[in-house]
Amino acid sequence: MLEINRRTLWQLAAGLVASGPASAAADQAWPNQAVRFICPFAAGGPTDVAARLVADGMTNALPQRVIVENRTGSGVVVGTEAVAKSARDGYTVLYSTVAHAVLRPLFANLNFNPVSDFQPVALVGTIPMLLMVNNDVPAKDLQQLVAMFRSKPGQYNYGSSGAGGAVHLATELFLKQAGDLKVNHIPYRGSAPAIPDLLNGNLTMFLNVASDGITSVQRGTTRALAVSSAQRLPQLPDVPTFAEAGLPGYEAYTWHMLFVPAGTPDAIVTQLNQAVNKAMRQPGVTQRFTDMSIQPNAESTPASAAAWLKAEMEKWEPLVRASGITAQ
């Protein structure tokens with residue numbers, strides 16, 4: 001009996017010795033399976049394209065593949081909620097945009113908290129807006145456009161890619177800062193359907209995401225009066241910033257950020273962040289982002305991404321509430 005007990009104790013001790021290093025190795029082995037980006041935007045759209053560029057770049061920086069899954073519905077709610085409810089193991093990552101910053105005022109009954117349920121990993125890029133007008137609009141610069149809107153409140157139209165989206169928010173911010181101008185909002189399902197109405201004059205103005213608007217300006221089918229970034233766009237060096245055009249303090253961007261569920265181990269968050277920054281330093285990724293008018297960021301930290309998100313929420317949430325913007 002004593003021999004049996006000794007043997008049993010020996011086996012237990014041996015098992016503990018073996019399992020300790022194995023467990024530690026398992027903890028250190030992340031990632032030991034594919035990492036999945038949940039992109040709550042449609043496949044083939046600009047956000048999806050950027051997400052796949054980052055995923056490919058991270059695949060080159062990690063021992064496992066990074067894949068993209070598009071999960072749309074209720075704006076970005078369905079895909080975002082899926083990540084909020086996923087395991088805190090670093091294998092499910094949300095790739096989202098400024099849409100994340102306005103979830104609370106747009107949706108009254110969310111099943112998750114956009115702040116406390118998420119840990120920002122990295123801000124990978126920012127995209128400015130380009131204020132475009134129909135070629136027949138008599139205003140030749142931003143100040144003339146503002147004067148035109150002020151002289152006939154409610155008689156002109158502007159388009160957006162959807163209620164509550166980045167284009168809608170940026171335009172409302174412009175109208176507010178320019179003196180609470182009254183211009184009618186016409187929402188579309190994406191930017192592409194709005195362009196024909198801008199060309200035929202049904203829309204006076206379209207403050208479009210720069211990556212979607214540059215081509216029409218370069219071709220001369222529309223005119224650009226200002227860009228919403230702090231610096232001019234290299235593709236359109238003659239187009240002034242809003243500050244240069246007479247509206248100091250106005251900046252607006254959509255942006256791309258990676259999130260994991262809150263409670264994901266810090267070590268994994270750090271590894272994800274390092275892999276993202278390595279991806280953003282790869283010349284192919286940097287060039288593609290630049291070509292898409294996305295200003296790439298290869299120096300983001302989880303702390304700086306969280307600070308950016310906080311500032312954006314403080315900027316956009318009051319605007320959404322004051323303007324009565326609702327999700328469609």
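The legends below describe close-up views of a predicted model.

**View A. Helix α8 and the strands against which its buried residues pack.** Within helix α8, which spans residues 210-219, the buried positions are Ala-210, Gly-213, Ile-214, Ser-216 and Val-217. After α8 comes Gly-220, a residue with a positive phi, near 85 degrees.

**View B. The salt bridge between Asp-48 and Arg-52.** The closest N and O atoms of Asp-48 and Arg-52 lie 2.8 Å apart, and the two residues, 4 residues apart in helix α2 (residues 46-61), are separated by about one helical turn. An α-helix has 3.6 residues a turn, so residues three or four places apart point the same way. Asp-48 counts as buried, at 3% relative accessibility, whereas Arg-52, at 33%, counts as partly exposed.

**View C. The salt bridge between Glu-244 and Arg-232.** The side chains of Glu-244 and Arg-232 meet with an N to O distance of 2.8 Å, and both residues belong to the loop between β8 and β9 (253-261), where they are 12 residues apart. Glu-244 is partly exposed at 49% relative accessibility, and Arg-232 is likewise partly exposed, at 37%.

**View D. A network of salt bridges that includes Glu-69 and Arg-71.** Through salt bridges that share partners, Arg-36, Glu-69 and Arg-71 are joined into one network. Within this group, the side chains of Glu-69 and Arg-71 meet at 2.5 Å, N to O; Glu-69 is partly exposed, with 25% relative accessibility, and Arg-71 is partly exposed as well, with a relative accessible area of 27%.

Terms used:
Residues numbered from 1 in each chain as written. Predicted model: local features only at pLDDT ≥ 70, side-chain atom pairs only at ≥ 80, totals over all residues. Heavy atoms only, no water. Buried < 20%, exposed > 50% of the residue type's maximum accessible area, 1.4 Å probe, protein only. Contact = heavy atoms within 4.5 Å. Salt bridge = Lys/Arg side-chain N within 4 Å of Asp/Glu carboxyl O.
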